[in-house]
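I opened this model to look up its charged pairs, its sheets and its cavities. The entries follow in the order in which I went through them.

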Amino acid sequence: MTNQVSEFPTEQTFQYQHSLPPLPVPSLEGSLAKYLDAVRPFATEEEYQVTAAVVKRFGEGIGKDLHQKLLQRARTRRNWLEEWWLNAAYLEMRYPSQLNVNFGGPAPYLEHCWPPTEGVQLQRTSISMWHTLQYWDLLRTERQDPHKAGNVVLDMDQFRMLFCTCKVPGVTKDTIINYFKTESEGPCPSHVVVMCKGRFFSFDAVCDGHILTPPELLRQLTHVKQCCEGEPAGDGIAALTSEERTRWAKVSLEVLTGDPTIRWGDKSYNSISFADGTFGSICDHAPFEGMVLVTHCYYVDQQLKATDGRWKGSETVRPMPLPEELVFTVDDRVRSDVAHAKQQYFETTQDLQVVCYAFTSFGKAAIKQRKLHPDTFIQLALQLAYYRQHGRLGSCYETAMTRRFYHGRTETMRPCTLEAQNWCHTMLLPAASAEAKRKALLLAFNKHNKLMAEAQNGKGFDRHLLGLYLIAKEEGLPMPDLFTDPLYSKSGGGGNFTLSTSLVGYTTVLGAVAPMVHHGYGFFYRIGDDRIVASCTAWKSSRETDAETLFQNLVTSLHEMLHLATTAQL
């Protein structure tokens, strides 16, 4: 999605929020039929018949009652899923957020005007920070154009959560605190928190109603660095945000008693500045989807590219207060908790294999020239790569966007279809003709595109099943057999997808995510005109997986598919 910012906008960022349609509830019959179709690739005939009987009983019995209660809930809410999804997918989860929930990635600026260079860290950080503050101001003044899919307006509510937002740990459930306001709604926080060598500093990024310029930001950052140079490192309290959520919540009651504005952990957006002048970011996933960060990062990227990464304005530095250090009172118990969190985090990160490569043989242009959808092309190539490596298909989650509905976020699209299974099998048959492979590929393409369109239009089934599950849970009913049936988790249900994937977009921005399960992969990718850049992750302690091999198999698949598409027009 290209980033659109208007100097004199005719539409305001959030002006269509109240006119968006409510999130629909799909038909029970349709969702159950799609679910049965989705589990088929993972079942023997006997297993499938057992599951089909379970689904039939559910649809004729308890499922009907749960569906009616879901419809009743939807009549009183514009988005029946919103609160449930936030709680079940994020806030009630007790495992550590840092690697299991958060997403992160490199900033794209190194591709043009900012290659790795020593001695420019603070200068570049001040310029990057200034552009970030400009984007904050764009949202405050609603000059970011509303996103649209063709002529269909998309929900922009998630953009309110990029700044001035933090997740706060709770013993049984976390909460999200958001202080962002548009200018018309009133003032909102404008301070920046800088972390350096385990210490924390804060300063206001606005002086006399104007955002600090890069020279002024450089002065503030230089002061922070001077305070930390040659001094012992701080207590590193931020390590606690990588802890198991309940443990972190109990510690935070000791550490964070007092000023409620000091919410440095679990931040919605963290920009990371490295000594070699490159940048990265890490974000809490709970408040928003990656699309929000991609839009912001691409805006900064384009601004830097347009100015060659330089500041061409005034060098004057106005008088203003220096950054104030945020000092935490800690005791030996808290220091022990910090040490424990650090050790646990380092052990986990050492187990995570991350590979990131650019495939430069072709990209979006060549794929579209053959009248194929680039995203579907990558997804089917990934299915073939996994099939070639593991001898079977992998249950796969791909993010489908539901922002055409009020406060819509995502739906699950399952790329591992019967048609994809048949195509992968055909591709590896020595006796299969090129024509048979092409026909199988076309069927897989059409099925994938159909399922993606349905998911984006509120006709997916995973969120619907989740809603039925949560109603049964909330009402204390016995868990329906559908959710305990082996094929439910084997096909990916309940957060058990072997391949956790997402198209980051068609910009210069990439991200990364850890696998959803121990024997799985995380796979994020962006599609450029002449290249495909992907990040692939796996757990080293799993004997089944290897991210490096999967990427190499992906390369093979991409070449084979383009060859198929080239030798005959699909």
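**Entry 1**

I started at R438, which is buried at a relative accessible area of 13% (buried is under 20%, exposed over 50%, partly exposed in between, with a 1.4 Å probe and protein chains only). I note that the model is predicted, that local features need pLDDT of at least 70 and side-chain atom pairs pLDDT 80 or more, and that totals for chains, interfaces and linings use all residues. Residues are numbered from 1 along each chain as its sequence is written, and side-chain values use heavy atoms, without hydrogens and water.

Which residue meets R438 in a salt bridge? I found E435, with N to O at 2.9 Å (a salt bridge is a side-chain nitrogen of Lys or Arg within 4 Å of a carboxyl oxygen of Asp or Glu). E435 is partly exposed, at 37%. Both residues belong to helix α14, residues 434-456, and sit 3 residues apart, about one turn of the helix. Helices here are DSSP runs of H or I with at least four residues, strands are runs of E with at least two, and both are numbered from the N terminus.

**Entry 1: other salt bridges**

I searched the whole structure and got 26 salt bridges. In one of them K148 pairs with E11, the closest N and O atoms being 2.9 Å apart. K148 is in strand β2 (residues 148-149) and E11 is in the segment before α1 (28-39), so this pair ties together parts that are 137 residues apart in sequence. K148 is partly exposed at 35%, whereas E11 is buried at 18%.

I also looked up D137 with R143, where the closest N and O atoms are 3.2 Å apart. D137 counts as buried at 19%, and R143 is partly exposed at 21%. K34, K450 and E454 form a network of salt bridges.

**Entry 2: cavities**

How many cavities of 30 Å³ or more are there? The search of the whole structure gave 3. A cavity is a set of points on a 1 Å grid over the protein atoms alone where a 1.4 Å probe fits but cannot get out, and lining residues have an atom within 4 Å of a point. Grid points are joined across faces, edges and corners, and a volume is the space filled by probe spheres set on the points.

The largest cavity has a volume of about 170 Å³. I counted 16 residues in its lining, and K34, A38, R414, L451 and F461 lie nearest its centre. The elements that give two or more residues to this lining are α1, β15 (410-413) and α14. Helix α14 gives the largest share, 4 residues.

I traced an open sheet in the order β6-β7-β12, with antiparallel pairing (two strands pair if DSSP finds at least two bridges between them). β6 (191-196) and β12 (324-326) are the edge strands, each pairing on one side only. The twist averages 35 degrees from one strand to the next. Axes are lines fitted to C-alpha atoms, for helices over the stretch in contact, and angles run from 0 to 180 degrees between N-to-C directions.

Strand β7 (residues 199-204) pairs with β12 over 3 bridges, and F200 stands opposite L326. Helix α7 (residues 214-228) packs on this sheet and touches β6 and β7, its direction making about 155 degrees with that of β7. Contact means heavy atoms within 4.5 Å.

**Entry 3: the sheet of 6 strands**

The order I read was β13-β18-β17-β16-β14-β15, an open sheet with mixed pairing. Its edge strands are β13 (352-359) and β15, and β15 also contributes to the lining of the largest cavity. Here the twist averages 20 degrees from one strand to the next.

β16 (residues 499-505) and β17 (residues 521-527) run parallel and are joined by 6 bridges. L503 in this pairing stands opposite Y525. Helix α12 (residues 374-390) packs on the sheet, touching β14 (396-401), β16, β17 and β18 (532-539), and its direction makes about 145 degrees with that of β17.

**Entry 4: a hairpin**

Last, I looked up β4 (residues 165-168) and β5 (residues 175-178), which run antiparallel with 4 bridges between them. A hairpin of 6 residues joins the two strands. V168 stands opposite T175.

Technical notes:
On a 1 Å grid over the protein atoms alone, a cavity is a set of points where a 1.4 Å probe fits but cannot get out, and a pocket is an open set with protein on both sides within 12 Å along at least five of seven lines; lining residues have an atom within 4 Å of a point.
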